[in-house]
Each structure stands twice: as structure tokens, then as C-alpha cells.
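Load the model in your viewer and keep the selection tool ready. We will go stop by stop.

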Amino acid sequence: MKFDKPATTNPIDQGKIVGKPTDRIDGPLKTTGTAPYAYERHDVVPDQAYGYIVGAGIAKGRIDLLDDSAARKAPGVLAVVTAKNAGKLGKGNFNTARLLGGPEIEHYHQAIALVVAETFEQARAAAQTIRVDYVRSKGAYDLARAKDSAVMPTGKNEKDTAVGDFAAAFERAPVQFDATYGTPDESHAMMEPHASIAAWDGDKLTVWTSNQMIAWGVGDMAATLGIPKGNVRLISPYIGGGFGGKLFLRADVLLAALGARAAKRPVKVALQRPLMINNTTHRPATIQRVRLGATRDGKLTAIAHESWSGDLPGGGPEVAVQQTRLLYAGENRVTRLRLATLDLPEGNAMRAPGEAPGLMVLEAAMDEMAEKLGIDPVEFRILNDTQVDPEKPGRPFSQRRLVECLRTGAERFGWSKRNAAPGKVRDGRWLVGMGMAAAFRNNLLTKSGARVRLGGNGIVTVETDMTDIGTGTYTIIAQTAAEMMGVPLDRVVVRLGDSAFPVSAGSGGQWGANNSTSGVYAACVKLREAVAQKLGLDAGTAEFADGQVIAGERRSALAQAAKDGELVAEDAIEYGELDKRYQQSTFGAHFCEVGVDAHTGEIRVRRMLAVCAAGRILNPKSARSQVIGAMTMGVGAALMEDLVVDKRLGFFVNHDLASYEVPVHADIPHQDVIFLDETDPISSPMKAKGVGELGICGVGAAVANAVYNATGFRVRHYPITLDKLLDHLPTVG
Ligand code: MOS
């Protein structure tokens with residue numbers, strides 16, 4: 001189905017099931033521990049052997065000697081895979097050749113060997129006997145030092161943008177702001193480690209894994225191993241969190257496949273937790289400079305946002321200036337990304353790549369500027385709202401209700417009670433402050449397919465390679481099919497995450513919900529036509545409701561259409577030019593109240609509110625959970641998360657969950673989420689967008705702004721830890 005005109009009224013608008021708060025259909029499996037995750041699929045194939053990964057002990061250089069003779073003779077060992085015996089590996093689209101290093105080493109903990117044995121313990125014990133001698137070479141590990149040699153990246157949307165004359169407008173501006181901020185490297189730290197079971201049947205490979213983007217994985221696996229795509233099957237029905245860290249294949253998948261080939265047995269591999277942080281990808285650190293120029297009455301006339309980040313050769317930048325191209329009006333503007341070569345582990349996407357760290361800076365700068373101007377921060381943002389793309393003034397937003405998000409949030413949060421003078425509100429030993437920030441994240445459209453079956457028992461089965469990374473995909477897809485086919489939710493079966501099913505959008509960039517349900521919508525339109533034809537009813541006017549198909553005076557049970565055999569329909573949603581004519585984005589506002597201990601500088605978040613405008617909310621219950629989770633992650637980014645770089649040896653020091661801090665329940669207070677009631681007919685037939693990344697966008701700045709309001713001291717380098725505040729707290733009376 002081609003979607004190239006704004007959506008009109010369609011069966012989803014009935015809203016009998018779609019848009020209703022709905023319990024997860026996979027909830028019982030999750031809460032009883034019976035949803036099968038990759039590493040626990042003991043039953044899918046017999047004779048599974050265990051793989052244990054050895055990671056490089058240097059960040060850059062080469063292996064001089066790798067002696068695995070003792071390992072090969074160790075009890076239970078079936079094979080040892082290294083670059084020497086693995087055969088030639090292709091590069092794939094996401095540099096999968098790097099997943100097995102040697103003799104060149106590109107980053108610390110890059111996999112250099114896999115030991116396969118009868119048991120996990122035997123594989124681990126044998127791995128300890130592998131002796132490796134390295135020759136180190138000099139690497140670059142310090143962003144602040146590499147910054148001056150950084151260059152403009154060449155990717156789409158990564159080049160400099162400029163409108164008007166920023167330099168002149170900034171110079172002329174009666175009120176100016178210019179500051180530099182920093183955001184640290186961060187890790188996805190998902191609960192389920194990267195894990196895979198690989199089994200060969202002749203030259204056909206099946207992998208049970210944990211992956212967000214099945215079709216990308218199939219393509220890369222085939223390219224890396226040099227086998228046809230048709231010989232690769234990836235199965236990933238349940239995923240214990242991804243956050244972007246499972247968008248691409250990681251070492252577990254490739255090494256499981258190579259290990260299974262070498263051992264002539266199915267092999268299972270999980271990345272050991274202490275290996276995960278340096279072996280896989282992370283959100284790169286940034287240094288960001290923001291310059292704002294405004295009139296005395298608060299109109300922005302000049303905006304410049306520059307961001308520096310680093311990556312391995314061939315990598316890309318953290319696109320932290322994206323939102324600044326679109327969020328506020330202002331006639332003279334510049335954005336610049338600069339990319340340095342760093343020999344740290346690979347930087348890549350993590351929940352709201354670009355906007356998450358970008359808004360942590362832009363929205364803190366907006367708070368600082370509002371104070372300089374003496375204007376309320378909410379009002380300052382409203383004053384500078386725009387309904388058109390500020391870099392391409394003829395191009396409107398499909399829908400943009402940022403102002404309503406801000407006003408609704410301010411009212412519901414009790415913003416008027418905030419004391420604009422910082423460091424003045426006390427509650428016992430706590431200094432109390434309020435902060436807010438705007439939220440922004442783009443809405444991306446991408447082709448997505450599905451197959452729908454109607455059985456003679458009236459059961460509707462949906463099949464698509466779409467994944468559920470903990471977001472609630474199973475449920476929104478079931479809701480979509482139920483609404484379209486006029487059956488209750490419990491008559492729908494959803495099967496996901498298998499490359500044997502039609503290719504979907506996958507889970508990434510908060511595009512999963514809108515695109516994957518639109519693919520299901522397209523397939524259901526076809527199935528409705530097939531049903532109507534079978535029943536001899538007019539497809540154009542037939543209504544599907546309560547398990548019946550009704551056309552005029554005639555009605556028939558839906559199941560009747562499949563009485564002679566299952567009806568199957570398959571289609572994909574494909575998009576025309578609408579997203580070129582309209583800028584499609586999601587909007588929100590975050591509010592936060594913190595307490596800072598006046599004596600120790602300890603920071604406690606006291607309450608939080610998010611207001612989101614993101615098209616039709618398909619399932620307000622799972623969408624709320626997405627936003628709550630994202631707000632929690634935003635608090636982590638503001639106050640805790642920090643991969644500490646060893647700048648001499650080039651690795652992340654705190655590479656486990658004991659030392660990489662993320663919020664726990666005790667850190668998170670009352671959170672509330674409000675969705676504005678809207679539908680966006682430009683986005684898809686579902687009129688939906690996404691919230692999974694919008695929810696984290698701006699949160700860090702809202703927390704930072706609250707800490708400033710509480711203490712009167714601005715920390716511009718995240719995370720805001722108490723050591724950075726301690727010497728700057730107001731004198732305790
Ligand atoms: Mo997302 S960071 O595109 O999984």
C-alpha cells in the first residue's frame with residue numbers, strides 16, 4: 001500500500017481497541033519467566049555447545065603471538081576460533097568484520113578468540129590459558145585533545161547548515177549567551193546481554209538471537225560469511241532491552257556461527273557482562289558549544305550549535321545538533337558537527353541518538369538565556385515557537401503542538417509556584433528547585449511489511465519480522481489487527497522477530513510503532529478484501545465488527561470466509577513524498593523538581609512530569625511505560641551515567657553494572673505522563689508517531705535546570721554529581 005496522501009477516515013478511527021489502555025498480551029509470559037530469550041532456548045536444537053569470548057587486552061596495535069595450544073587440549077574443548085582460522089570475513093553494512101579482531105586490534109575488548117567447549121565452565125577455563133602478546137601502537141583516547149583535529153563528517157544530515165548571517169546577528173544581539181558543555185560516553189546497559197545460538201544445517205544457518213533489526217542482521221550475516229541471504233535465518237521473538245545496542249550484529253552472533261561451523265555442533269554464546277561495555281557500541285561523548293543572541297524582549301535572532309564527538313576510523317558523529325535545526329525560530333542560524341578519530345570502542349546509536357545529548361545542552365542553554373533575559377523559561381520557549389522548518393521556511397510541520405505541551409505541563413506541574421531566584425527555597429535540609437525543558441524527536445517513515453492469516457476458527461494471525469524490545473509491539477500489532485478485522489483482542493495471535501516473516505521497519509529510532517502497525521494495517525486491508533470477495537460482499541462498504549462482516553442487509557460470520565481453507569494476505573506500507581513536504585516530528589515538555597542536600601550536595605529527584613504530543617497513542621498504557629522508562633533513563637544521563645575513559649590505555653574503566661551507575665527504583669520518585677489527544681494524518685494510516693525516544697529527550701536538561709534552580713550553581717559537564725556541586729552550595733543558614 002502506497003501512503004502518499006494525508007489519511008482520511010479509516011477503520012482505526014473507530015478506536016474500539018486501538019487507543020485504549022491495553023495490558024500487554026505477552027505480559028503473562030514475561031511475569032512468569034517463560035518468554036524464551038536467546039540464551040535460554042535450550043530446546044530449539046539439540047547438542048548445544050558453549051562459546052566463551054576472549055577480548056583484546058589493548059586498545060590499539062597488533063597481536064604478535066596468540067598461543068591457543070593449551071586451550072585446544074583443555075578438557076571438553078571442541079574448537080578455538082581466531083582470525084587465523086576463521087576464513088575471510090566480509091564487511092557487511094555495519095563493519096561486521098570488526099567483530100573478530102586480529103592480528104590488527106582496533107579497540108579494547110575487541111573479540112580475538114572464541115573457545116567452544118562441552119560446558120560453559122570448560123570454555124571459560126580454557127579461555128584463561130590463551131596467551132597473547134601484543135605490540136601496542138599509539139592511539140587517541142581523549143576527545144578534548146582530539147577536538148582540534150576533528151573534521152566535518154560527510155554523512156547525510158551531518159554537514160554544516162547555515163541560514164542568514166549568524167556572526168553579524170550574534171554580534172548585534174543586545175543579549176548574548178555563549179557557553180560550552182560536555183556530555184559523557186554512555187552505555188546502553190540493557191538487562192539481557194547480547195546472546196545467540198547458532199546451528200548449521202549443511203550450508204544453511206539458523207541463529208536464535210537478540211536483535212532489533214532482523215533484516216539488517218540477515219543481510220550483514222550473509223555478507224560477513226559470504227553466503228546467500230536465503231541461507232540465513234534469524235529468530236528473535238523476545239528481547240530484554242536494546243536501546244540501540246542491538247540494532248546491528250555483535251560479536252556473539254558472528255562467533256556463534258563461526259564456532260558452530262568449527263565445532264560442527266550448535267553453539268551458544270553470550271557476551272560476558274564485563275566484556276559488553278568495551279566490546280559493543282556506546283553513546284559517544286560530546287563537547288557542545290551553544291551561542292544564542294536575542295532581543296531584550298526575548299526573540300531569538302541568532303542560534304549556533306556546534307558539537308564535537310569522536311569515533312573509530314570510518315565511524316560517524318553523535319548528531320547532537322539535529323533538534324537545533326528545527327526546534328526554535330530565529331533568522332540567523334548555524335549548526336556544525338565535527339568528528340575526531342578516537343580509538344575507543346565504536347560509538348553508535350543509543351536511545352534518541354543526537355537529540356538526547358543535544359537537548360541536554362540546548363535546553364540547558366535556553367534556561368540560562370531565559371534567566372539572562374529575565375523571562376520565564378516556559379514563556380521564552382513559547383515566544384520562539386515556529387510552525388515551519390526554520391531552515392526551510394516554506395516547509396510546515398505536519399503537526400506541532402509544543403506550545404500546548406509547555407502550557408499543559410506548566411499548569412499541571414504547578415510551575416507558577418517556582419521561585420525564579422535560584423537557591424532560595426528550603427525544605428528542611430533540602431534545597432528545592434524546579435526545572436523544565438522542551439522535548440523534540442523526529443518521526444521517521446520506513447517501509448514495513450506483514451502477513452495476516454484468517455483461520456477457519458476465526459483466529460487472525462499476524463506474522464512480521466518486527467521485534468518487541470520490551471516496548472509493547474506485540475500488543476499494538478494485536479490491537480491493530482483486531483480493530484481492522486472486527487474481532488476481540490484474544491482472537492489475534494502475533495508472531496514476531498523471525499526472518500521467515502515479511503520484512504518490517506524493525507525497532508529503532510522510535511519508528512517501530514507507527515511503521516510496523518501501518519504494515520499490519522496494509523495487510524489487513526488486503527485480507528478484508530479477500531474476505532469480502534469470499535463472502536460475496538462489497539469490499540468497499542463492508543464493515544467488520546464483533547466477528548461479523550456486514551454489508552447493507554447482509555451479514556456473515558468472519559470465520560465463514562475461511563471455512564474452505566485459511567485466507568492469507570500480505571502487504572507492506574510504503575511511503576511517498578509526504579515526509580518531504582512536511583516536517584514530521586514529535587514534541588513534548590518535561591518538568592522536574594529536585595532536592596539538593598544543603599550539606600552534602602546529594603541530589604534527589606522529587607517528582608517529574610512529561611507531556612507528549614506524538615500523534616495517535618496506540619496503547620496509552622504501554623506508551624506511558626515507554627515514557628516513564630525514558631524519563632528514568634534521562635535521570636541516569638543527568639545524574640549518574642558516565643563511562644570513565646582511561647586516557648592512557650584507551651578503554652572504559654567501569655565496564656560492569658557494579659560500577660556503571662544507572663537509576664534504581666529508590667532513585668526515581670513520582671512520575672506522571674500526559675499525552676495530548678491528537679492524530680497526525682500525514683504520518684500514516686495509523687496517524688501515529690512514536691514516544692520511546694521522545695520520552696528521554698530533554699529530561700537531562702530539565703533535571704539540570706532544576707538543580708540550578710535549587711542551588712544557584714550551574715554544572716555544564718554531565719553527569720551532575722555531588723562533587724561538582726559541593727564547593728558551590730549556598731551558605732547554610
Ligand atoms: Mo534506537 S537508538 O534507533 O534503537
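How many disulfides does a search of the whole structure find? The search finds zero. Bear in mind that this is a predicted model.

**Cysteines**

Select C612. This residue is in no disulfide. The cut-off for a disulfide is 2.5 Å between the sulfur atoms. Now check the surroundings. C612 is buried, with a relative accessible area of 1%. Go on to C524. It counts as buried because its relative accessibility is 0%.

**Confidence**

Colour the chain by pLDDT. The average is 97, and 100% of the residues score at least 70. Select helix α14, residues 578-581: confidence is lowest here, at a mean of 90. Then select strand β20, residues 460-463, where confidence is highest, at 99.

**The sheet**

Next, pick out an open sheet of five strands. Its order is β8-β16-β15-β14-β9, and the pairing is mixed. Select β8 (161-163) and β9 (175-183), the edge strands, each of which pairs on one side only. On average, neighbouring strands of this sheet are turned by 10° against each other, direction ignored.

Zoom in on Y181: it stands opposite Q288 in β14.

**The helix across it**

Last stop: select helix α9, residues 355-373. What does α9 lie across? The helix lies across β9, β14 and β15 (300-311). Relative to β9, α9 runs at about 150°.

Methods: Residues numbered from 1 in each chain as written. Predicted model: local features only at pLDDT ≥ 70, side-chain atom pairs only at ≥ 80, totals over all residues. Heavy atoms only, no water. Pairing = 2+ DSSP bridges. Helix = DSSP H or I, 4+ residues; strand = E, 2+ residues; numbered from the N terminus. Axes fitted to C-alpha atoms, helices over the stretch in contact; angles between N-to-C directions. Contact = heavy atoms within 4.5 Å. pLDDT = per-residue confidence, 0-100. Buried < 20%, exposed > 50% of the residue type's maximum accessible area, 1.4 Å probe, protein only.
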